[in-house]
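Good morning, and thank you for making time for this presentation.

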Amino acid sequence: MSLKGDRPANILVVGIGNPLRCDDGVGPYIAGCIETRGLSGVHVRTVQQLLLEDLEEMLQYDQVILADASVSGPPVDFRPVEKFSGQLLSSSHHLSAELFVNLAAGVYHKDLKLHLCCVKGLSFEVGDKISDFVLQRAGEAVDLIAGFINNMTKGKV
Amino acid sequence: MDSQINKDNTILISPVTRIEGHAKITIDLGPDGSVKDARFHVNEFRGFEKFCEGRYFTEMPTITPRICGICPVSHSVSSAKACEAIMGIKPTYTGDLLRRLIHLGQVISSHALSFFHLSSPDFILGWDSDPAVRNIVGLAQQSPDLALRGIRLRKFGQEISERITGKKIHIMGIVPGGVGAPLSEENRKALLGWIAEATQTTLMGIDLIKKYHDQNKDMVNSFANFPTLYLGTVGPQGEWEVYDGKLRFMDADGKILEDQIDPKNYLDYIAERAIDWSYLKYPYYKPYGFEKGFYRVGPLARLNVSSKMKTPKAQKEFLNFKSIGAGKPVHGTFYFHYTRLIECLSAVEEAERILKDPKITSGDTQTAGKHNYNEGIGSSEAPRGTLFHHYKTDDSGRLTNVNLLIATGQNNPAMNRSVLEVAKQYVHGKNVKEGALNRVEAAIRCYDPCLSCSTHAIGSMPMLIEIKDHLGRTVHVLKRG
């Protein structure tokens, strides 16, 4: 997706996670780093978990980027979220990113532009310290997100 | 939910979808293939209480909401009350009213999520429908208006919290002595603007579940229908009261065993016993002992123990609910859904009344205080049931002991019994259809358990159902998540 012309970028970065669950706090940490960079047109929020009603707010943005911890997969993963046709897990406490794209289409008849940036966590025990290894990967994730936003605002994405 | 039959001829269902935490159901078959036993296991570790030790007690209303993203308000409210007991203070009138309003908002949002998005797909799309579409997305395709209304009802509940505290979840505004900031007139009007829609949506949900009851009487009345004791908080006249009530225990025949018990005395009436196959303890009503003293909490329990509702529309539905049991408690687990909606309706009505209180926008929102006592207990009715926060401190106010007694933990024995009852009804032998196992899961969903709270652990709620033959071999496995 590209943003061309005079209209300023309108991008939402959401850091997801519980800062009292060690590496689960990496999502809010990444969001905080993005906010510190002061990128034009970028709005930042942190939440412990995605909530269904957040979708209405997300649909007001040209692009939404979720930053979250993962329990498996590569150390850092940054990818677009597409509609999903298989079984979607949803609980009162856990919603998948794909569910939001599907619901945007199914309930609001809109196309949600969503990217997900995951950093694999090592420890999810009770505690407020993110492990050093994960903090390093979080730095890479911040660079990836910032680079993506810069390219998008220059019309290169 | 994935299902598989293992090489060693056993059944496993995993994970229980649409509830929280990490759980497993095992179903044990007898030699003839009938269900002999079933258990709901919770496999997470409980560590939050230990983490809080050593912190200054007034930090707790902002730390404990981090336990759970769905019922953070109940944790914050119970925590603030425990802190007030330690300080020996009471909140101001307006501070108390605003906390009550936030708490009702959480009841609305939590119940809306449970009914419209987690449970109604079973009623509307069918128990045996394709599990790939039997969810909120499938509901959106089949009944887009209902799905959207459910989302907006939830949004209203969350917006109450956001407009008072500035946050939807993990609120920072509830403090010992009241709330941190007043409600503006602009926000009061904005919240009042939601009432008509919220009422209409809740009534639509009530119509939906009552029609389902009418069309499926046998199923509804036989679904995990077994007698237990009940616990809930009530007001001075026995009225439904989720924010600041006193404990009432009721037996299976409707006899009130204890009434108007101050929650600070909860340990005189409730004991817990650890079991070897779950991280959840088994709480019970102390005077009756283990097993005989098992009780239920949550919407069904609250309406069973209550003598009346406080608002007219909810009272009308309450009378209808009471007629089901003909004056006795309603034991059918399926009625959790109906009672959840009656509570939601009452919460919307009460929220309107509070928003029209002339003092709701007063700036007098907090009583000041300091550390005066070394122990405090706070309680409220979380959406899933009675919640207790119990703190002990040293002379400097640092916490030396924290005990959190959570609703889902209290429903643990009943959830196990429910799984067994439904499994006996729908599972016969190892070749079980997905729809039958969905009903077993649905028994758990009736309680809408929050395993994050009860085990105080992180989790995306994977779920496993195992069916084991009479020799203990797993013959079938279903897995979600």
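Is H14(B) mostly covered or mostly exposed, and how many of its 15 residues are buried? H14(B) is mostly covered, with 13 of its 15 residues buried; a residue is buried if 20 or more other C-beta atoms, placed from the backbone, lie within 10 Å of its own, exposed if 12 or fewer, and partly exposed in between. Before I continue, a word on conventions: this is a predicted model, in which local features need pLDDT of at least 70, side-chain atom pairs count only at pLDDT 80 or more, and totals for chains, interfaces and linings use all residues. Residues are numbered from 1 along each chain as its sequence is written, and chains are lettered from A and ligands numbered from 1 in the order in which they are written.

Helices (H or I, at least four residues) and strands (E, at least two) are DSSP runs, numbered from the N terminus. H14(B) covers residues 412-426 and reaches 21 Å from its first C-alpha to its last. That is close to the 21 Å expected at 1.5 Å a residue, the expected span being 1.5 Å times one less than the number of residues.

I turn to the sheet. In chain B, an open sheet of three strands has the order S13-S14-S15, with antiparallel pairing; two strands pair if DSSP finds at least two bridges between them. S13 (375-382) and S15 (399-405) of chain B stand at the edges, each with a single partner strand, so one side of each is left without a neighbour in the sheet. S14(B), residues 385-393, pairs with S13(B) over eight bridges, and six bridges join S14(B) to S15(B). B:His389 in S14(B) stands opposite B:Gly378 and also opposite B:Leu404 in S15(B). S14(B) and S15(B) form a hairpin with five residues between them, and B:Gly397 in the turn has a positive phi of about 95°.

Finally, a helix pair. H4 (residues 93-125) and H12 (residues 336-355) of chain B pack at an angle of about 145°, with their axes 9 Å apart. Axes are lines fitted to C-alpha atoms, for helices over the stretch in contact, and angles run from 0 to 180 degrees between N-to-C directions. The residues of this contact divide into 13 nonpolar, five polar and four charged. Here Ala, Val, Leu, Ile, Met, Phe, Trp, Tyr, Cys and Pro count as nonpolar, Asp, Glu, Lys and Arg as charged, and the others, Gly among them, as polar.
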